Amino acid sequence: MAILGQIRKRNGLLIGFVAVALLLFLLGGIDWSRLGGKDPNVIGKVNNQVITRQEYNNQLNFIQNQYQGQVPLNFLEGQVWNTLVQNTLIKQKFNSSGFILTDDMIWNAARNSNIFNSPQYKDKNGNINVQLIKQQFEQLEQNQNANSELSQMYQQFLELKNNLSVQAMYRQYFGSYGAGLLTNANEVDILLGNRVNSANIEYVKVDYNAYQSKHPVKVTDQDLQNYINAHKTLFKIDENRTLDYVYFPGTASSSDKKQILDQLNKLLTNTIIDGDTIQAFGSVKNDSLYISKLSSDQLIDNDFNPIYRAEQQLPQAIKNWVKTAAIGQVSSVYEDGGAYVYSKLIGKKNVDSIQGKNILISFTDSGSQLKPKTPRTKEQAKAQADQLVQQLNANPNDFSKLVVQYSDDPGVSSNGGVIKLTTAQDFKGEYKGLQRVLESSPLGKYEVVEIPEGYFVIAITDRKPVGTVYKLADIAKNIEPSEATVDLVRKQANTFIQNINGKSSQEFHNVAKAQKFNAKQQRGILRFGTMLEGLGTDKDSDIIAWAFNSKRNLGDTELFITGDQGYIVARVSSLFSGGLADPSIVRKQIETTVRNELLGKIIADKINSSNQSLDQLAKDFQTTKEQANITFDNPSIGGSFEPKVGGAAFGIKPNEKSKAIEGKAGVYVIITKSITKGDSGDKKTFKEQLMSIYSQQMPNLLLQTLYQEAKIDDYRADILNSNPRN
């Protein structure tokens with residue numbers, strides 16, 4: 001009431017806000033840049049060209065649909081941004097160069113898309129038929145307003161077409177560069193020589209690891225920083241975080257599991273539960289009714305599945321059991337999908353693979369979403385179907401003409417009226433007539449079958465045995481933590497966060513270790529595109545969004561509740577702005593490389609300060625003198641690829657000792673004993689191979705150049721943190 005009173009006192013101010021909002025609406029909206037903020041509808045810019053939030057959401061929905069929930073959202077968001085940036089760069093270059101994109105170019109790009117690698121888009125020779133793809137797109141465009149499912153399919157197809165257009169632009173513009181590359185005879189001779197000419201060398205190698213074990217070198221943060229500064233292009237990173245976290249999984253304890261299994265085991269014998277007598281699972285005759293009753297009474301956690309299943313569709317634990325089990329036999333208990341399960345075999349039959357032809361004749365008031373091309377009653381539909389059966393049984397070759405003319409199935413343009421089913425499908429009720437046709441109708445005979453959508457004019461053209469299918473009745477109980485276990489996990493998580501609140505990263509890990517919790521630290525976490533290691537929960541995106549909140553401070557902690565009733569305690573242990581990577585982030589990746597560089601300089605200085613023979617060097621460094629035969633292109637020595645050694649072998653005078661060569665695995669000193677020229681082979685063929693390699697590499701190199709030269713503004717963190725995804 002106090003709040004309402006304050007509003008009433010300020011009703012003039014409220015009216016003022018309404019008036020301003022109305023004025024802004026009439027003037028066409030808010031100019032966010034003038035107000036000092038970012039337009040929430042703009043997710044970023046590429047060379048000042050806007051990438052809208054709608055484009056971002058469309059692409060995200062498209063990719064989510066492709067992965068079907070198998071990849072975490074936060075990772076997909078990074079992929080979506082990279083795709084949008086790349087697509088924008090390609091479009092910009094394509095358009096500025098005066099190229100023209102045609103519809104044929106877009107659909108031809110579909111020939112190389114895995115999305116269309118299914119039978120419905122292929123011709124009789126197994127090749128992708130662009131015309132079939134175009135027809136489906138046109139049908140979806142025409143029927144998109146029929147229902148929400150078709151509308152969603154159309155939007156997915158629209159986004160796919162947009163991606164195909166970018167692929168077409170890429171091939172047209174970037175491919176033209178690869179096709180125009182040339183190479184001269186001198187280059188061919190040099191590159192062939194690098195491949196076939198070999199050098200026989202004697203060498204001494206001072207191995208870095210062996211030297212480190214006797215003369216250890218410590219790599220400091222300054223050493224790492226010096227390396228980063230010398231290789232800046234390799235260590236440019238976006239704003240990132242380091243997080244410490246502990247996961248308290250909400251999983252069932254061993255006591256919980258025993259209790260769940262005991263409850264399920266009660267159903268194997270006649271038993272009384274809450275005053276009701278429950279018949280033993282193995283002696284039940286009406287399994288469907290029995291399982292439905294147990295499920296509604298919450299004694300089990302599954303429904304009856306009436307579908308026959310092939311062996312490959314069954315849980316691994318019972319694949320062998322069903323082959324020898326008798327009808328009515330109950331399996332041993334097994335785990336599947338996070339539940340304890342008993343299965344009873346209640347049906348087994350051999351299956352035929354069916355191919356047929358059909359024409360769907362629907363009627364106006366069928367209640368189905370499939371409407372006739374011209375309005376007709378149910379009686380008129382039946383009469384039309386009967387007339388077609390007579391005509392087709394007399395002249396089967398008329399089918400391809402009649403199916404296009406009469407069928408009300410929207411998929412007929414892509415499937416030609418051909419259907420592929422198996423007798424494993426258990427059609428019942430209003431579809432029972434279809435089941436009879438599949439199992440027993442003579443090949444090639446057209447019949448009329450009534451279905452809810454209208455009438456099928458159908459003939460079976462091929463029937464082949466493919467194996468055995470099984471029908472099972474299952475009783476299952478989910479393996480879930482008890483209330484006591486959930487309460488214990490919650491208390492552990494809350495106690496832990498209280499104990500580490502305000503503590504350092506090291507104390508965080510010490511407390512976790514003392515309490516036998518598995519603490520992890522992950523460095524270099526990006527706002528988008530990063531997955532948290534060792535979690536696998538639904539909270540990755542939430543935790544990372546929290547860590548990148550503009551109000552986040554070093555040492556902040558938070559408790560997150562996961563979808564499986566578990567908890568995650570997270571702590572921010574570093575806040576890095578964009579720029580060069582901090583040594584602490586990349587130490588694991590580059591420490592050995594930096595150490596070897598330090599060792600290389602030390603060893604090389606010792607070698608170069610004396611003028612010793614290979615034998616003496618081998619003795620002083622407690623190693624051996626060896627021989628190798630190498631080419632410039634493949635300078636492999638003792639299993640290590642050493643380009644510097646390869647370059648030196650062909651660059652020094654014969655029988656002259658080289659200076660110390662700081663290689664990848666150690667420091668080398670070599671003497672080239674001889675160089676043998678190999679057979680260069682067919683220069684024309686080699687030149688063609690070279691041109692093919694160049695043409696394949698050039699487009700990607702050009703695209704990388706566009707990235708390096710582009711001005712890319714990424715507003716995702718600000719926009720999505722302040723304006724959650726809608």
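In this predicted model, Lys-664 touches Tyr-208, Asn-596, Ser-640, Phe-641, Glu-642 and Pro-643, leaving out residues up to four places away in sequence.

**Lys-664**

- Lys-664 is found in the loop that runs between strand S21 (661-662) and strand S22 (666-676).
- Its relative accessibility is 56%, and because exposed means over 50%, Lys-664 counts as exposed.
- Between the C-alpha atoms of Lys-664 and Ile-602 there is a separation of 15 Å, and the two residues are 62 residues apart along the chain.

**Glu-159**

- Helix H7 (residues 148-179) holds Glu-159.
- Glu-159 is buried but has no salt bridge.
- A salt bridge needs a side-chain nitrogen within 4 Å of a carboxyl oxygen.
- Apart from neighbours within four places in sequence, Glu-159 is in contact with Asn-58, Gln-59 and Phe-62.

**Aromatic rings**

- A pair of aromatic rings is described by two values, the distance of the centres and the angle of the planes.
- Eleven aromatic pairs are found when the whole structure is searched.
- In the pair of Trp-546 and Phe-560, the ring centres are 5.7 Å apart and the planes stand at 80 degrees, so this pair is edge-to-face.
- Trp-546 belongs to helix H20 (residues 540-547) and Phe-560 to strand S15 (residues 557-561), so the pair ties together parts that are 14 residues apart in sequence.
- Trp-546 and Phe-560 are both buried.
- One aromatic cluster is formed by Phe-248, Phe-496, Phe-508 and Phe-517.

**Charges over rings**

- Arg-241 has its charged end over the ring of Phe-548, at 4.4 Å from the ring centre.
- Tyr-308 has Lys-349 over its face, and the distance to the ring centre is 4.4 Å.

**Strand S1 and its partners**

- Strand S1 (residues 42-46) is mostly covered, with four of its five residues buried.
- S1 runs antiparallel to strand S2 (residues 49-52), and four bridges join the two.
- S1 and S2 make a hairpin with two residues between the strands, where Asn-47 takes a positive phi near 50 degrees.
- S1 is also joined to strand S23 (residues 712-714) by three bridges, and these strands run antiparallel.
- Within these pairings, Lys-45 stands opposite Val-50 in S2 and opposite Asp-713 in S23.

**The four-stranded sheet**

- Strands of a sheet pair through backbone hydrogen bonds, and the pairing can be parallel or antiparallel.
- An open sheet is formed by four strands in the order S18-S3-S22-S21, with antiparallel pairing.
- Strand S18 (625-631) and S21 stand at the edges with a single partner strand each, so each has one side left without a neighbour in the sheet.
- Strand S3 (residues 198-207) and S18 run antiparallel and are joined by seven bridges.

Terms used: Residues are numbered from 1 along each chain as its sequence is written. This is a predicted model: local features need pLDDT of at least 70, side-chain atom pairs count only at pLDDT 80 or more; totals for chains, interfaces and linings use all residues. Side-chain values use heavy atoms; hydrogens and water are left out. Rings of Phe, Tyr and Trp (its six-membered ring) pair if their centres lie within 6.5 Å; planes under 30 degrees apart count as stacked, over 60 as edge-to-face and the rest as tilted. Buried means under 20% relative accessible area, exposed over 50%, partly exposed in between (1.4 Å probe, protein chains only). A charge sits over a ring if NZ of Lys or CZ of Arg is within 6 Å of the ring centre and within 35 degrees of the ring normal. Lys and Arg count as positive and Asp and Glu as negative; His and the chain ends are not counted. Contact means heavy atoms within 4.5 Å. Two strands pair if DSSP finds at least two bridges between them.
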